[in-house]
Every structure is written in structure tokens, then in C-alpha cells.
Amino acid sequence: MKNISNDKGPRKSGVHHGIWAKLTLLLIAFAPLISCEDFVEVDLPKSQLTGAAVFEDRATATAALMDIYAQLRDDGLLTGGSSGMGNLMGLYADELDFYGDPTQPQALFHNHGILPSDATVASYWATSYNLIYATNAFLEGVRNSEGISEQDGQTFEGEGLFIRALLHYQLSTLFGEIPYIRTSDHRANAKVTRMALSELSTALMEDLEMAKELLMEEPSLERTRPNRDAVRILMARIHLETGTWERIVSEMDALLDKSATYIWEGDLSRVFQRAATGTIWQFKPRNEGNNTLEAGTFIFTVGPPPASALSPYFLESFTPDDLRQAHWTGTVDQGNDSWSHPNKYKYNVDTGISLEFSILMRLAEAYLMRAEALAQLGNLEGALSDLNRIRQRAGLSNLDSLDKDSLLEAIWEQRRLELFTEFGLRWNDLRRTGRAAETLGPIKPGWKDTDIRLPIPEAELIINPDLGEQNPGY
Amino acid sequence: MKNNHVTACITGLLLLLSWANSLAHIHAAPKTVPIPITLQSLTVTGKVTDDMGRPIYGAHILIQGTQRGAFSGPTGSYTLEVTPSDILECSYLGHVTQTITVAGRTTIDFTLETETTLLEGVELNAGYYSVSQKERTGNIVKVNAKEIDKQPVSNPLATIQGRMSGVDISQNSGIPGGGYIIRIRGQNSINAGNDPLYIVDGVPFGSSSLGSAIVSGSIIPLGNPNPLSVLAPEEIQSIEVLKDADATAIYGSRGANGVVLITTKKGQVGKTRLSVDLTSGLGHIAKFPKLMDTPTYLEMRREAFTNDGFSDYPFYAYDINGTWDPDKYTDWQEELLGETAYRHSARLSFSGGNATTRFRMGAGHQQETTVFVGDSKYKKTDLQASVNHRSEDGKLGLDLSMGYGYEDNKLPGFDLSGQARNLPPNAPTLYDAEGALNWENGTWTNPLSLLESDYLSDRYSLLANLVLSYRPTPALEFKTNIGYNDMRLEESRTSPHTMFNPAFGLDSRSSSIFFNNGGVRSWIVEPQIGWEMTYGNLALKVLAGATFQGEVTTRLTQLGVGYSSNALLYDLSAASYHSVLSDTRTEYRYQALFGRINLSFGDIYHLNITGRRDGSSRFGPGRRFADFWALGGAWIFTRNRSIGEALPFLSFGKLRGSYGTTGNDQIGDYQYLDTYSVSGNNYNGITGLRPSRLFNPDFGWEENRKSELALELGFLRDRIYLTGSWYDNRSTNQLTGIPLPATTGFTSIQSNLAAKVANTGWEFELKTVNLDKENIRWTTRANLSIPNNELLEFPGLETSTLADTYVIGQPLSIKKLYHSQGVDPQTGYHNFLDYDDNGIIDVNDRQWIADTTPAFHGGLGNTLTLGPWEMDLFFQFRKQDGFGMQYGGIQPGSMVNQPIEVGDRWQEIGSNAPQQRYSAGFDPNASIAFDRYRNSSGTFTDTSFFRLRTVSVSYDIPSGSTMDCQVYLQGHNLWTWTALDNGTPEGISGFIPQPRMLTLGLRLGL
């Protein structure tokens, strides 16, 4: 650093001669203070680590991954909270009715009044891509790391690839064609285009094949992190979209063969418990003692319902002997009125020790997916056997000898009654099987055929014109 | 044509000649009068005092026509060798120069009167130095205690609102402790970093609020309470705003957005005084927007369902399906925001001093309630103390000032403005028969449930400043400024289960509370050397110094959930689980070298050179240092004898200009680093780590080049004083958050923007004394600013993410909107201009440019003193366009009340109406058309206003000689004219506007 007196000091010969000596002395005295860049060198804040340091250590790399799971659980598409797909797409489809304040965003999902500027839709998009960024940064960090063991690195990478595929898949079920983001480089990601659906499923499969290689067969502790079977379920869901039936059968065979790991729970009341044996992947609540966000979203004790409640249209679909209505729905009676809510999860308060986790993937879906694939392939007997497993547990009689179409109808009906209000699976079934218009048209005054997709957030189209056209109808 | 050229040439020549002549005159002067040192020489001694009898140290006594002279010493005394016929001229900054002929005497005392021109506050604080109003080369505006004391407001920023040209202040909420937006000469940067630098008594005062949006965002806009509110306006002596390069370049990297200097009151030489000030006031919201009454509202709702093809109403249409009483009417705005706010304050000050020591202590307490229903309260207590000491010989000086402030704010957790505006007029009563909150069987969200949530905030601020100085000779001074600022904010917001509809069946196990504790501690040390020299007509002032500054900001945000009883809510240890959302500590280091050289020649020409070399920890290695400089000049042409004589109507005339550079490092700490932060989130028992930001290791200093030209004119012995200035600020390489598509994972990245932005404008200030008689004095002051903002260049704008936000040649403050074409008489939907003529209205048709930059703004004040009476009226005005009530509104026909003008809607084919057909939300065409309309030119309108901002009347009660007693009445926002048909022209939607306030006060002095 330069001494300031060089350019600022006046060179007047002096009225006060002694002063220059004093001045110089003073500047010399300051010199140690001002002569180094060290002064403006600051330590990192205690709550931050450099990106490189995070991935030099197994514990901090794990923390980066755990944060992604925590965000998936609390926010965005897969949360059990009221902004998650379980509630909103339940309202969008025919499972739930909305009784709350009609100006709330949930009401717009219920009556199909969603506009391109909708804040919830924008937040689905933004939170998902934010997590995709975190996942890509995590994948890059792990791949460049020298401090993580090979085995840990494989698990990390497998989980990262799985999460990235999961988020992209969920987005595509809502928005159709979407950008597929593989890097954390913002320059590239600012100019992305949307990927055609066929290309997208190829990309998803590439990621998932790799994830399957990298992940373990055994479930993680308490099944709170995905293993190879979670990858298989996601693969099967994607194959349902594309009609790749053989692959569904082979993936589900591999999963269902592990009968020592995943044990069919015969008792409906135990399917959603913390240690349920049919669980493949579940979210652990934030703190020990907390239970699921789903319970908080759906349960009410006095009528009329403050927010969402099961629609009468859906409730009528339960046959009187279906045990699931008694076990998995709750009813509030008040005078002549009666309302029901999903009651798969029972605890909307803390319980000291958590009794329920939020289950993302479970055995019943695996059987139903295999049943559908087998039926499509013409193996009606195999399909029936898988379907009857679901029916039996619900207290329904076994079906036999149906033709293919009726069998598919029966499978879809069981999917509806078994998987209701789970992450928008019902809406997804209506959409992928092309039955959305015929089912929702008559019961939803706001229904338009273009509602099959949500609008791409308007602000995104403006800021990145490469995203192309808005989805039709918006 | 030819003639014109000749005239221009002659005029130019004449000007040149007069310039040369004046120079010659000055240079010639010493030569033509030789100094004969005769045998008759004698020694004159004497004393220089001011009009109060205080000795003046450093006054210059000059023998006229020579270069010989002396300075007065610390006791005001001087000694000088003269001849009996010499004429002595005694001058001191801010005082009228006195001339006395020696006439053989050996003792000559000077009594210098304070310069009592209109230039109130003759001395201007320029931060590191002070400068007289007349000789300043830069643009500095000032509001003094006299003007501040007339306003019944609690934030210092409110006291300068409308009173300074080029300073645009708006308050974004009317609640006590709410935030302000201040822009000095326009918006330089797009997202963050437009705040000026605040310096209180020489110590930088952090403008960051320490607030957490998660805690306070629902009651204070942007969760950004203004930290300056902790200072009591009554304790402020003056507020100066530095605007141009000459004034701000010495603040280097922190001066780009201007500098606000706040000086607290100090003790005065003279008898010890005690002063007591008591006030009591009340306020309420001046005017609510007009909304529909019940019959109009219900008609809208029924028509909406009919339009949507419904014959009977769905179960959730409680307002019209018979669930709610169709005959009920509540004016929700009056009900929820119509309370009277009370304000009481008491203040005591004690001050005095003698020639060597002055002191002052002031303490005050203030209480204020809000217009919200419920028991909210704001309390502020402050204590100020200062001691100023000069040693007997005047060589050592010590100035200590300390201030402690404490604010205690209890507000509802949510601003109810949104509810007041939106609730259907026939919504149920607030309380049931038993006096409990009425949930009407869960058919509505009782707005008072939001009042179950409390927002509490405590803010403490300690500010201490010590200036030690040593002046070995009158011309040389060593000085060190040491400052410390400690500010803490503790805030919390509760969400007890009683906020929620009882139908959820919740109990206190669902109650929760957010806590946020923030603190910022900063210190500053600034050693400086000042040196002055006079050589004949040439005066030189040199200042050199260094700054070392450190700042540590800490923040701890916590959440507690699940209590056995709501009574334990504030006890985190009683929460069944407790989580730390964020725990951060950031550090900022800053160092600089600065200097100033001021040259003045014959008090006619002034040249001011300032410079600063800055280093900041906010930039990556290799990019931390930058240099800033400015050059300012002033020519007081009326002091050139020939020009002065040629323009006899001018009592004062000055031309000044400046050019220089400043920077901006308001970008937050550590932005250049790739880091992971603790997220506070938990999974599998592990606390998460999250990428902190999109990092950019390459960003560097932005640069602002400011130029200014100004003319200051005084007429009739300065009874009319006019200043006109023109400025042109250009910023390049702007540091800003560049917006990104969500696909990048983030919404913006900190980066240097490859754009060039110009802020240009005109500013005028006028001060006049219209009447000045023995018992009556009438003065007027006015200011006017005409700002202009323009994006000059932006290479690659088309392909950047800002392509749709900015347009070359337009201001940064534009918004692109749909161009409303009225309602289609056939369909009843809003129509828009199809810019690209492709038959489809989509985002590409958002091409109508709305500009919210004000065309001009300013203020007009009049003060009339009539014996013991004084009356002051201050108007604020602003010519601007802005958004009306339907901007971002909710579709007419939904279960939301509407402004009355919405009643003028389309009803049948062929009808012409400004509003489209009602829809309850089941007609997608209506929804989409309205969604565009609320972002269209149709909601953009003239929001100009002219407001009587302050009225103050005071009366001095005649009393005994030892006591003064004054009563006063002050009004704030008493009357507003606005071009807007319905609604208020200022503020943010969803938050209450500034209330109308009336205050009665009593001031006693002993």
C-alpha cells in the first residue's frame, strides 16, 4: 500500500518547519496499521464452510445430503404439508373438497382457477429447481472429493442421482415438458430449453440405472434413505407413463422377491406406522416426537372443515365392507352434517417418541403396479393375484376371471382407494390413463381439457424466453 | 446570423477581460501598496470574542493591504506589530468580518457577529471537515433543529421528508418503528444497495435492520424496521445530506448513494439551562379507500355466479348462500384500523458550559399506540450526553458524545390492512355472545385471530464517540476520532393455537414462537492531521487521515413449538421442541486512507480536492482495493469587484461545479465465496448444510461518476437566496443481484452488471425573507427536484435475463405491462393490445411501459413569527404515476370486497363499462383476462399528491425573566390532495398508511 503523503502532502516551504518532522513521525506510527492487506482479511463465519471443505469429510457431506431430504420433507412437491401435492393435487382431482377461505391458493386448485401467475405453481417450480441445484452441487462435490471413501461416495452419488430423477419426474407429471438440469453451472442453466417427454424419460432412466448400480439392496436404517428398491419403484412409475410393461414386471419382481425385507402387513391399522414392514422409503420427521405433516394437514375435529376434507364423491366409492374407510378415514358428525378426512396418519400432535413417519413408497403400490403391467401384457391371472392381495387386506372378496379392460378398471379403482391422498397419485393416474376429462369434467365446473397440465410460471417464461411457449390453455 | 456571432464574440471577450482584470486586481494589490515599516511601529494587543462574549480561537487578524497578520489564541487574544495608520481586518469562518483602524491605539478588541444571513447554519458539516455555506464547493443540504423540532414524528428520517431537494423519502408503513425508503438522487442499483451511508456523530450507523423477515415480515414491510428510529429527533442538532462527488468522494466506496450526517445537540457556553418538553397527541388513519357496501357487494356476488352459469350457490359461498346474514354491514376498515393512536412524550435536557467546558444531557421517553384494534404499544427511551472540553491554552481538545436508546415495540403479529380491505361487508361479527372470538362454525377466519399473535421487539443502541485533538499551533491539528456502536435487536412473534380455527382441534401443543436476536457491533478509528496556511490571498487547508473499521454482525433465529400452556410461550425451555433456524456471525473489515486539499484564493476562487483509497473485505483477494477522488471548484463571482459592480442587484453569486468518483460495497459479506451454511434443518438427527448462494468469485467494485454544476444567487442582501443545480451521475460496472431463472436454483446472482445507468436531474432550493420587521418575520423555503433516470447502454441486453425488465433509454424503475384496451362490449372481458399481432395475448404482449419515477417532487414551507407567536406550514408534493387499487387485486366477483368503482361493470352484450363482467372464478376467460388486467396499463394511473405535511403553531407565554414557557400545537398529514380517485398515494398495499396526527406540547426553560 502506498504512503498517502506522496500525493497528498503539500510541498510548501514552511511557516512551521518542525511540523514536517512530526507529520512524518506520525505517518510512520500509522504505517504498521495501514500497510497490509491483512486488515481486510476476515475469517469465514462460524456457520459456513467452504464448498471444498464440505466434501472432504463424510460427516459434512452427509449433512449436505440430509438437508436435501429435510427440504423435500418440509417444502415443495412431496411435503405432507398443505402445500404438497398430496393435498393440492387431491383437491385438483376428485379426492378432496376445499371448505376453507375461498381466497386461499388451495381454493384455486380445487376449482381449477389456476393462472399462469399463480404463486403456488411458481413455488413448486422454484423449490424443486433449487433442490436440483443443491443435488447437482452435491453430486459434483462428491465426485471431486478426495476425502470420502469409495463406498460412501457410491451411496452418495446413487442417492443424489435418485433425488434428481425423482424431482424432475414429479415436475414433469405437473408441467409436462421441463428442462432437465444436470449441472450447477448457472450460466448454462439460465438458458435451458424444455426437453421432449420421450427424451426426458430416457434421461431419467439413465440416472436411475446408474443410481440402482450404486445403491445398496438393503434398506437404510428405518428406511429413511432410498435404497435400490426405491429406485425400482420410481422406475416403475416412469414405465407406467411410457407403457414399458415388461420392465415394470422385472423391476417389481426383483423388489417383491425380497419377502424377508418387505413383509406384507395384513393389518390396515399398522400400514402407516413408523416400523411398518411394507415401507420402502419414508421421511423421518424433523425431531423425535414429531409425527407427520400429513396428519396436521388433513385432520380436523369439528365441522365444517377448516380446509380440505374428503369429497363425498370419493367417499361414495368405498363399498360398505371396505375396511379402509373405517381405518383410513375419520369422520366428524355435527347435527345432520358429516364430514370425513384422510386418517391414514393419526397423530397431529407430538407423542414423545414419533409413532408415524411420512411414507413415500410402500409395498401396496408395488403390487398394484405389477398387477397393471401384467394385465397389460395379458397375464390376467398374475394380475388378479396381485390385485386380490390388496382387496383381501381391505376386507373385500377376491375377484376372478375378468377380461383385460375390466381388470384394468378394477386395478385403477383399487389404486384410487388404496393410495388416496398420497402425493397426487390419483391425479397422476387420471392424467396418464387419459381419464381426467371424463372423470373431472362432470364434477368440476371449472374443468377445461387443457387443465391436464399446470401453467409454466409466467415469470419464468419472461426471464428465460428459451423455455418456449406456455402450456396450452393459459 | 452574422450579427449574432459578433455579439457572442464581444460578450465572450468582455467576460474574458473582466476575468483577467479581476485576476490582475488581486495579484496587483500587494504590489501597489508597499509596506513601509516605520519607526512609529507599535504593538497592538486585544481580544477576539463572538457576539455572546465567548473568545474566538483561530480568528485571523490581517493588516489590510499586506500579507502580515496573526491568529488569535485560545483565549481570543492576539498581538500584532502595526503602524498607527494601519487598518486591521478580523475574520473568522461563519462570522462577519470586522474592520478597525488602529488610529494609534494599542488595545483593539474585536467582537465578531455571527453571520446572520438567510443561510441558516452557516457552517455545514461535511463529515471530516466543515465548510461555510458560502464557500462550499460541493452539494450539501441541511435541516436544523429548528425545523426538526416542529414535527411530531419519531424517526429522524421523517423530519427531512420533502425538505431537501434530491432526497426522496417514503415511509412504507404507518406503524411506529416501521421502515423508510430513502433515495438520494435516484436509484443507482436495481435490487439491494441503494441506502445511503448514515453517520451519527462521526460513527457509521448500520442501516441493516437486523430484523428477520420470518419474524417481523407480516407486520413490518419486508421485515425491515428502520434502525434510525432509535434516535430521538428532539436530540438532533442538524441533519446534513451530502450529494455530489465533491462532498461524497471522501467517503469513497460508501458514498455512491449519498451520505446522511446526523449531529446531536451539544452544550452551549452560557448559563446552565434546564428544559422540559411535554407532548400529547392523537392520530388516526386520514382516509380509507371507499369499498362496496353489503347490497352492492351481494349483487356483485350473485351476478358473478349467474355469469358463471350457477343456479344455486356452492356450500362454501357463505356470504350469499344464506349462511351469513345478508343484511349485515360492517365497515371493516373502520372496525379493524379505525382506533385512535395516542402518543405521549416527555423530555428533559440540562446543558451549560464555560469557555473551556460545555456539557449537555438529554433524556426522553415516548409512548405510542397504534390504529389497530387491540393493545399495541410502542415505547422509546433515550439518553444523550456530551462533554466538550478545550484546555486553557486551547491546544488539547476532547469531545465526547454518547447516546443510548431503547425501543420496546409491541404490535400485533400481522397488519390487518389486508383483512380490512378484503373481508365481505356481511362477514360475521368478531365476538360471539360470550365475548369469545366468533368463528361462525368455521365459515370464516376471524381477523382478530391474527391479533392472538404478538410481535414484540426490543432494540437497544449504544453509540459513543470520542474525538481527541491536539493543536500545537493554530494552524495544525492532530485529531483522532474513535467511535463504537452496539446495536441489538430482540424480536419474537408468537403463533398460539388460538389463532387457528378451533375445528382443527388444536391445543397449546401446536403453539409456537419465533425468536430472532440480532446484534451488530462496530468500531471505527480515524486518525487525522489537519493543517491550514494563509499566504496573502491564498489559503490552503490540508487534511489527511485513515479509517479502520470493523463490524461483527450476529444473528440467532429460533423456533419453539409445542407448549403445555400458552402462558409459557416465551420460555423456550418449555417448548416440546426447539430448533435453531439460523445462527450466524459475519465479519466486515474496512480500511481507508483519505485526504483533502482545499485552496482558496482571495475568498473568490475555491478549489477542493478529495481522495480516498479503500479496502473492503467484501471482495475477493486481488479485488479489495480501489481509489476514489473528486475535484470541486467554486467561483464567488460577486466578489470580483468588476462583476460585483456590474451586477448590483446581486448580493451574492457563486458558480460551482464538481466531478469525481464514488463506489458502493453494499453487497453483503462473503458473497464472493463458495460456501455451505448451516440450514438449521434436521434430518435423521443430522443438521443440514446448504449451499449459501450462487457464488461469483469475480465481482469487483462498481464505479459511479458524478458531475455537478450549480449556481447560487443571493438578492437583496441575501433575503432571496436561490440555488439551482444540475447533476449527472453515471454508474458503470454496477454491482447488483442479476435475476436468474429458477432453473438455476436461485433467483439472482451478485455480479457486475455490464450496463451504464445515468441519473440526471435538476434541483432548486429557494429561501426568502418576505418580511423582517421588529415584531414580525415571514420566511419561505421551497425545494424542487426533477429527477431523471435512464439506462444508457447494456451490451447483450436482448440475450440477458433482464431482457424483459429493461429497455435502453428508459428508467430502471419501469414495469412492462399489458396495454389495456377496455372491456370488449361483446364478450365482457378485458381486452389488450396484441403487440406482435399473432392473435394471441401472452407474455410477449407485455410491452406497455409504466414508469414510476416521479416527474418532480419537493416541498414548500412558510414560517411566520408574530411577536410571541410562530406559525409554520409545510407542504410536500410529488408528481408521479403509480398503481391504483386494482394492481395485483383479486377478481371482482370473488368472495372479496372491492373498491366502489368496480360497480361500473359490463352486464350485457353491447354495454360499455370500464370493468369486466363479474366472475366467481369459474370462468377461465374472465380469470385470465382479469389476471392480465391487474398487470396492465388499466391499473396505472396518476398518483400525484399535494400534502399539508406539517402545521405548527407555537406561543411563548410571557413570564418572569428567568423562565421561558412555550405552548405549541403540531399537526402531521392534516390534509392531502391526490389525483388518485380512490385509495392512498403512498405506502405498500397490505400495510397501513401514515396516520394523521395532532400533538399539543409544552416547553419550559429555566
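Okay, a definition to begin: helices here are DSSP runs of H or I with at least four residues, strands are runs of E with at least two, and both are numbered from the N terminus. With that, let's find A:Ala190, which sits in the loop between α9 and α10 (197-214) of chain A.

Some housekeeping. This is a predicted model, where local features need pLDDT of at least 70, side-chain atom pairs count only at pLDDT 80 or more, and totals for chains, interfaces and linings use all residues. Residues are numbered from 1 along each chain as its sequence is written, and chains are lettered from A and ligands numbered from 1 in the order in which they are written.

Back to A:Ala190. A:Ala190 has 19 C-beta neighbours inside 10 Å, so it counts as partly exposed.

And what does A:Ala190 touch? I call two residues in contact if their C-beta atoms, placed from the backbone, lie within 7 Å. Setting aside neighbours within four places in sequence, A:Ala190 contacts A:Asn464, plus B:Leu740, B:Pro741, B:Thr744 and B:Thr801 of chain B.

That takes us to the interface. In total, 83 residues of chain A are in contact with 87 residues of chain B. Elements giving two or more residues to chain A's side include α2 (17-34), α7 and α21 (458-463), but α4(A) gives the most, with nine residues. By class, that side has 45 nonpolar, 24 polar and 14 charged residues. For the classes, Ala, Val, Leu, Ile, Met, Phe, Trp, Tyr, Cys and Pro are nonpolar, Asp, Glu, Lys and Arg are charged, and the others, Gly among them, are polar.

Let's stay with α4(A). It has 17 residues and runs 24 Å from first C-alpha to last, close to the 24 Å expected at 1.5 Å a residue; the expected span is 1.5 Å times one less than the number of residues. Because 14 of its 17 residues are buried, α4(A) is largely enclosed by the rest of the structure. After α4(A) comes A:Gly76, with a positive phi near 85°.

Now the inside. In soluble globular proteins, nonpolar side chains tend to be buried together. By nonpolar core I mean a set of buried Ala, Val, Leu, Ile, Met, Phe, Trp, Tyr and Cys residues joined through C-beta atoms within 7 Å. The largest one has 178 residues, and A:Phe162, A:Leu234 and A:Ala383 touch the most other members. Helix α7 (residues 119-144) of chain A gives the largest share, 13 residues. A second, separate core has 61 residues, including B:Ile199 and B:Ile529.

Last stop: UniProt, in an unreviewed entry, places "domain: RagB/SusD" at residues 340-474 of chain A. UniProt positions use the numbering here, feature names are shortened, and annotations may be inferred rather than shown by experiment. That span is 47% helix and 6% strand, and its end C-alpha atoms lie 33 Å apart.

Notes: A residue is buried if 20 or more other C-beta atoms lie within 10 Å of its own, exposed if 12 or fewer, and partly exposed in between; C-beta atoms are placed from the backbone.
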